[in-house]
Amino acid sequence: MCTVRIVVDNQTRRGLAVEHGFTVLLDSHGEQLLLDTGAGAALMDNLASLGVELGSIKRLVLSHGHWDHTGGLAELLAALPDLPVFAAPGVLQERFSCHPERPVRDVSMPAECRRAYAAARVHELTGFTPICPGIFATGPIPRLSGEDCGGPFYLDAAKEQPDPLVDDQSLLLAAGVLIPGCCHSGIINTLEHCRRCAPGVKIHTIIGGLHLVHADQERLERTAAYLQQLGLRRLVACHCTGEEAIAWLRDRLSCEVLTGASGDLYEY
Ligand SMILES: [Fe+2]
Ligand SMILES: [Fe+2]
């Protein structure tokens with residue numbers, strides 16, 4: 001059996017700390033693994049509130065290097081210095097969000113977390129990789145579908161080099177559950193990659209961020225059409241999916257579409 005517990009999210013239903021960030025705790029056949037560390041302020045408090053024994057966490061996977069997924073890394077590694085960390089190349093890249101209506105923001109991994117990462121037991125993932133029984137990391141995801149998966153992301157504050165977020169990856173449970181962090185590779189590219197790398201896994205559930213918050217109508221239509229033909233049973237949209245996009249998908253998809261929140265627990 002595998003359980004998926006949302007530990008940090010932009011929303012909570014259980015009085016847990018809330019922030020713009022994301023963390024999921026997985027338990028697969030008795031092995032506990034964290035995906036991401038949120039923005040930093042909520043992780044340790046929420047783990048404690050949920051009664052998670054830190055010593056039972058045996059692995060950490062980073063979905064990508066953005067601050068809202070890596071900000072709790074220094075505090076977590078201070079408590080668990082031997083924790084193996086799995087991340088794709090590019091996770092330390094300096095990067096910026098250059099939204100047209102907001103000031104340019106540095107959205108890289110925070111400095112103290114970079115230092116902790118440099119001293120950690122890091123495993124670089126360059127391809128689809130089993131992490132522990134029943135759980136795979138997708139590694140970097142080829143962008144083959146032509147899907148629009150852009151955003152206001154750049155490698156420089158002058159907006160000269162778009163950031164392709166090459167380090168973006170998701171987790172796949174052999175039980176048929178896909179767990180993206182922000183899904184900057186695009187959900188269609190991610191699902192196609194899983195289909196090629198794990199053809200025996202029939203994905204019936206997605207739990208995570210889909211980063212559709214600025215998606216235009218065409219992208220939403222294409223995403224919905226792809227998800228609908230997949231025959232999903234459940235979509236738990238979290239973090240950066242966007243409330244309007246969630247409502248829109250709920251109208252279009254015949255599967256259950258839920259808004260995720262910290263404290264939520266799913267069993268497969
Ligand atoms: Fe995010
Ligand atoms: Fe992100």
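Visitor: What makes the residues of strand E13 (residues 177–180) count as buried, and which way do they point?
Guide: This is a predicted model. Buried means under 20% relative accessible area. Val177, Leu178, Ile179 and Pro180 are all buried. Val177 and Ile179 point one way from E13, Leu178 and Pro180 the other way.

Visitor: Why do side chains alternate in a strand?
Guide: In a regular strand the side chains alternate between the two faces of the sheet.

Visitor: How do you know that strand E12 (residues 170–173) pairs with E13?
Guide: Pairing needs at least two bridges. Four bridges join E12 to E13, so they pair. The two strands run antiparallel. Leu171 stands opposite Ile179 in E13. E12 and E13 form a hairpin, with three residues between them. In the turn, Gly176 has a positive phi of about 100 degrees.

Visitor: What joins E13 to strand E14 (residues 205–209)?
Guide: Two bridges, and the strands run parallel. Pairing needs at least two, so E13 and E14 pair. Leu178 stands opposite Ile206 in E14. The chain crosses from E13 through helix H5 (residues 187–197) to E14, a right-handed β-α-β crossover.

Visitor: Which residues of helix H7 (residues 243–252) are buried?
Guide: Ala245, Ile246, Trp248 and Leu249. They lie on the same side of H7, because they cover an arc of only 165 degrees around the axis.

Visitor: What is exposed on the other side of H7?
Guide: Glu243, Glu244 and Asp251. Exposed means over 50% relative accessible area.

Visitor: What do the buried residues of H7 pack against?
Guide: Helix H6 (217–230), strand E15 (234–238) and strand E16 (256–259).

Key. Residues numbered from 1 in each chain as written. Chains lettered and ligands numbered in written order. Predicted model: local features only at pLDDT ≥ 70, side-chain atom pairs only at ≥ 80, totals over all residues. Heavy atoms only, no water. Buried < 20%, exposed > 50% of the residue type's maximum accessible area, 1.4 Å probe, protein only. Arc of directions from axis to C-beta. Contact = heavy atoms within 4.5 Å. Right-handed = clockwise from strand over helix to strand, strands pointing away.
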